Amino acid sequence: MGVQRFHRIILLLVLSLCFVFGSTSRVHVSYDARGIKLNGHRKLILSGSIHYPRSTPEMWPDLIKKAKEGGLNTIETYVFWNAHEPTRGQYDFSGNLDLVRFIKTVHKEGLYAILRIGPYVCAEWTYGGFPVWLHNLPGIKLRTNNEVYKNEMKTFTTMIVNLMKRNKLFAPQGGPIILSQIENEYGNVIGKYGDEGKEYVKWCADLATSYKIGIPWIMCQQDDAPESMISSCNGFYCDDWKPRNPNAPKVWTENWSGWFKDYGMGDPHRSAEDLAFAVARFFQKGGSVHNYYMYHGGTNFGRTAGGPFITTSYDYNAPLDEYGNKNQPKWGHLKSLHKVLKSIEKPLLYGEKSETGFGQWANATVYSYKGKSVCFLANVYQEDKDITVQGTTYRVPGWSVSILPDCETEVYNTAKVNAQTSVMVKKTNGEDDDNYEGNPFGGLNWVWRDDKPVGLSKSGHVRGSLMMSHSLLDQKIANDTSDYLWYITRVNIKKRDSLMGKKKINLHVHTNGHVVHAFFNKKYLGYKYSVSSNDFVMDKRIKIKRGKNEIALLSTTVGYNNYGEFFDETRHGIWGPVKLVGENHGEKIIKNVSSSLWIYKSGLYGEENKFYEAGIHNARRAWHSTSLPSNRPFVWYKATFPTPLGTDPVVVDLRGLSKGEVWVNGKSIGRFWASLEAKGCNDNCDYRGAYSGEKCVTGCGEPTQRWYHIPRSFLKEYEDNVMVVFDEFGGSPQLVKIQTVTIGKVCATAYEDKTLELSCQGGSVFKEFHFADYGEPEGDCGDFSRGSCGARHTMNIINQKCLGKERCVIRVSDETFGASHCNGEKRLAVEASCGV
Ligand code: GAL
């Protein structure tokens with residue numbers, strides 16, 4: 001056999017083996033200063049965060065499809081340690097914690113994945129993702145060079161890595177995961193941990209590399225990361241950021257697409273124009289891996305929100321809204337940007353870069369590659385500017401970037417939005433509330449029952465108590481098994497006690513939050529909270545009696561802290577002192593009971609007895625169907641409701657209720673605090689100028705969060721669903737309504753030579769076009785008016801193309817609408833309503 005023939009046979013053999021074992025899809029991942037390399041080729045990574053526990057497995061395929069349709073090629077997620085290991089050594093990967101299924105869903109769509117294991121993740125997730133039981137391990141110190149902690153972190157991280165390996169999910173195994181992350185933004189706090197912190201970072205890097213998974217590891221916001229790690233940037237803008245390692249690519253792990261919301265805060269909005277501007281600047285300045293944090297924010301189901309005071313909605317004003325709808329125009333405006341970036345991938349990652357300045361804040365960047373060039377024209381001033389490249393002058397709007405893939409034609413400008421704006425509406429039984437002829441109130445039939453305050457038995461005991469102590473303890477002793485912790489004690493008042501006979505006696509409680517309720521001798525005294533500070537005092541008038549007096553304090557948390565140095569050590573619950581304070585002619589008589597014997601009990605009576613699980617028929621006698629109580633704290637309510645028809649997302653409007661938690665068919669859809677008004681609004685929504693979470697905040701005077709998502713997969717198809725509400729402060733469920741969310745109205749403007757896609761959703765179609773003008777229309781969505789030079793038949797043409805359809809695509813040009821003789825840049829503006 002000739003040598004050549006022999007070689008050919010060997011080659012064929014290798015190729016067929018590759019085919020049999022699927023290694024053709026195995027991807028070798030490496031990197032250099034210009035980018036991540038997949039099988040040796042640099043690849044532009046356009047990624048978006050979708051956190052698997054913040055939606056449901058039934059929602060994942062649609063979310064990921066919409067991310068792909070929006071032009072992403074990668075999905076990023078954190079891994080949520082406390083969700084997977086609520087009790088030490090007992091793991092949960094079921095339902096929306098099925099990480100393997102999530103990554104496989106990403107793979108199925110043909111996308112890559114970035115797995116940020118942490119396992120500290122921050123993420124507005126309770127305790128930053130740490131299980132609270134960690135805190136209670138003897139000798140532990142979190143996020144530093146501490147053996148107890150490192151052991152636990154190693155056990156969990158190893159478990160996750162092995163789980164991924166076993167399922168062949170890393171790219172070199174043929175899976176989608178191309179990058180992984182250890183720790184999270186430790187660089188922001190490392191200073192406070194001294195040398196032990198530095199040791200810890202080294203240990204984290206060594207742990208990560210020891211897994212030999214064949215893909216690079218990231219440490220975000222860790223400029224001095226060991227060389228084995230890629231350090232990356234997080235923030236609203238990362239254009240000027242550079243990795244310290246000259247051989248590492250420029251990676252942006254978190255471009256905050258909007259912002260999160262606290263109870264007590266309005267709705268934050270980051271404009272599509274500013275977000276696109278930040279992305280374009282990043283790529284103009286040599287970026288190669290970019291991730292939207294969040295692409296879909298979703299919902300903090302159950303008690304997973306933390307910070308504290310983070311709302312159940314984690315909408316984030318992301319390109320996909322909390323329920324998975326496209327948040328337009330953001331989604332569409334970014335889709336167009338991704339398309340342009342994709343088209344210039346090679347010049348960006350392989351081309352030669354040169355830059356020309358136009359004043360301090362404007363510049364042109366040219367990427368030359370194989371005899372062709374791509375231009376970015378950036379204007380960081382607020383006012384419009386002229387920028388000249390290759391002999392031609394272009395007008396660049398303030399705070400925007402133009403991309404000219406051939407250095408001649410502006411294909412994209414970040415300030416010119418050519419995507420539709422969708423105005424979302426809530427419907428009751430498929431009708432707008434104005435037309436709805438059913439019960440204007442929610443129309444749900446509620447039954448109710450009281451929770452049972454915990455008190456001492458005659459012998460001074462509490463059934464099912466957690467522990468006893470002569471001191472006031474951190475709420476974390478209960479390992480986060482509930483938001484509620486009882487602190488109960490007895491005070492013996494003797495006949496000659498100096499407090500006896502005093503008229504004004506107060507119970508004084510100093511707490512570290514978040515809410516405290518007080519009972520004295522089994523009588524409810526009231527509650528207090530402060531969302532502006534964890535630390536506050538409650539004083540309540542009491543009547544003491546001779547002999548044994550009972551103090552029962554119910555402390556409530558609204559999620560644990562998640563960020564900052566030593567955040568894990570922040571105390572919550574009754575901090576003390578707890579005192580009885582009597583007044584006698586201006587003289588104070590104080591009895592400090594902080595170190596009397598306190599009995600601790602975790603959870604509410606209704607939690608212990610699973611009121612939320614009981615079917616509507618169970619234990620009916622215990623639930624009252626008589627008139628609903630008003631102003632009565634600690635009440636459980638229950639009602640049934642049919643599943644709304646269609647596919648639009650389902651929400652429950654909790655207007656009228658106070659604070660608590662809601663379950664649907666036994667699944668917690670989250671904490672609510674519908675009685676708390678939003679504050680801190682800011683009507684500066686000009687996209688020009690740097691964004692921060694305080695800019696452009698709306699919804700003040702309204703409940704911080706009124707609507708709560710009920711994923712359709714929680715609902716039953718043929719039977720009624722059971723909703724159970726625990727209401728803490730005495731709200732009323734009378735107005736509670738089940739609704740669906742859909743597009744009500746669509747507005748759009750698009751420039752000449754652009755293609756405009758218009759769509760309704762959930763089976764509804766364009767019912768009526770209220771406005772259409774191609775030329776120089778004026779005004780904004782809601783009050784468009786015709787310009788003087790509009791094409792005459794625009795409305796007819798739009799009607800022909802779109803009326804009665806769920807989706808239509810329009811080429812914005814003279815060809816479509818007929819010539820119109822305008823002086824300026826021509827645009828199409830339309831406004832339409834969707835319906836069935
Ligand atoms: C970052 C953090 C994220 C998230 C974000 C704000 O600092 O890494 O996990 O908390 O802030 O949404």
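Let's start at Met 294, which has its place in strand E12, residues 289–296. A cis peptide bond joins Tyr 293 and Met 294. Its omega is about 5°. Keep in mind throughout that this is a predicted model.

There is another cis bond to look at. It joins Gly 513 and His 514, with omega at about 10°. Where is His 514 found? It is in the loop between strand E25 (504–511) and strand E26 (515–520).

Staying with the backbone, turn to phi. Lys 168 has a positive phi of about 55°, although it is not a glycine. Find Lys 168 in the loop between helix H6 (147–166) and strand E7 (177–182). Phe 634 is not a glycine either, and its phi is positive, about 55°. Phe 634 lies in the loop between H11 and E33. Is Phe 634 buried or exposed? The cut-off for buried is under 20% relative accessible area. Phe 634 has 9% relative accessibility, so it counts as buried.

Now the ligand. How many residues surround it? The answer is 15, and the closest are Tyr 78, Ala 123, Glu 124, Glu 185 and Tyr 316. By type, the shell divides into 10 nonpolar, 2 polar and 3 charged residues.

Let's go through some distances. At Ala 123, a backbone N or O atom lies 2.8 Å from an oxygen atom of the ligand. At Glu 185, an N or O atom in the side chain is 2.4 Å from a ligand oxygen. At Glu 254, a side-chain N or O atom is 2.8 Å from an oxygen of the ligand. And the cover? On its own, the ligand has 310 Å² of accessible area, and the protein covers 95% of that.

Next, the aromatic rings. The count comes to 63 aromatic pairs. I'll show you two of them.

Take Phe 236 and Trp 256. Their ring centres are 5.0 Å apart and their planes stand at 80°, so this pair is edge-to-face. Over 60 degrees is the cut-off for that class. Phe 236 is in the loop between strand E9 (229–235) and strand E10 (251–256), while Trp 256 is in strand E10 itself. The two are 20 residues apart, and the pair links distant parts of the chain. Both residues are buried.

Then Tyr 612 and Trp 663. This aromatic pair is stacked, with 4.8 Å centre to centre and 10° between the planes. Tyr 612 sits in the loop between helix H11 (605–608) and strand E33 (635–641). Trp 663 is in strand E35, residues 659–664. These parts are 51 residues apart in sequence, so the pair ties them together. Tyr 612 and Trp 663 are both buried.

Rings also meet charges here. The charged end of Lys 385 sits over the ring of Tyr 381, 4.3 Å from the ring centre. Likewise, the charged end of Lys 667 sits over the ring of Phe 714, at 5.2 Å from its centre.

One more lysine to finish. Lys 601 has its place in strand E32, residues 598–602. Lys 601 counts as buried because its relative accessibility is 4%. What does its side chain contact? The side chain of Lys 601 makes a polar contact with the side chain of Glu 608, at 3.1 Å.

Conventions: Residues numbered from 1 in each chain as written. Predicted model: local features only at pLDDT ≥ 70, side-chain atom pairs only at ≥ 80, totals over all residues. Heavy atoms only, no water. Phe/Tyr/Trp six-rings, centres within 6.5 Å; stacked < 30°, edge-to-face > 60°. Helix = DSSP H or I, 4+ residues; strand = E, 2+ residues; numbered from the N terminus. Buried < 20%, exposed > 50% of the residue type's maximum accessible area, 1.4 Å probe, protein only. Lys NZ or Arg CZ within 6 Å of the ring centre and 35° of its normal. Near = heavy atom within 4 Å. Polar contact = N/O pair within 3.5 Å; in protein donor to acceptor, adjacent residues only side chain to side chain. Areas by Shrake-Rupley, 256 points an atom, 1.4 Å probe, with all protein chains shown as cover. Nonpolar A, V, L, I, M, F, W, Y, C, P; charged D, E, K, R; others polar.
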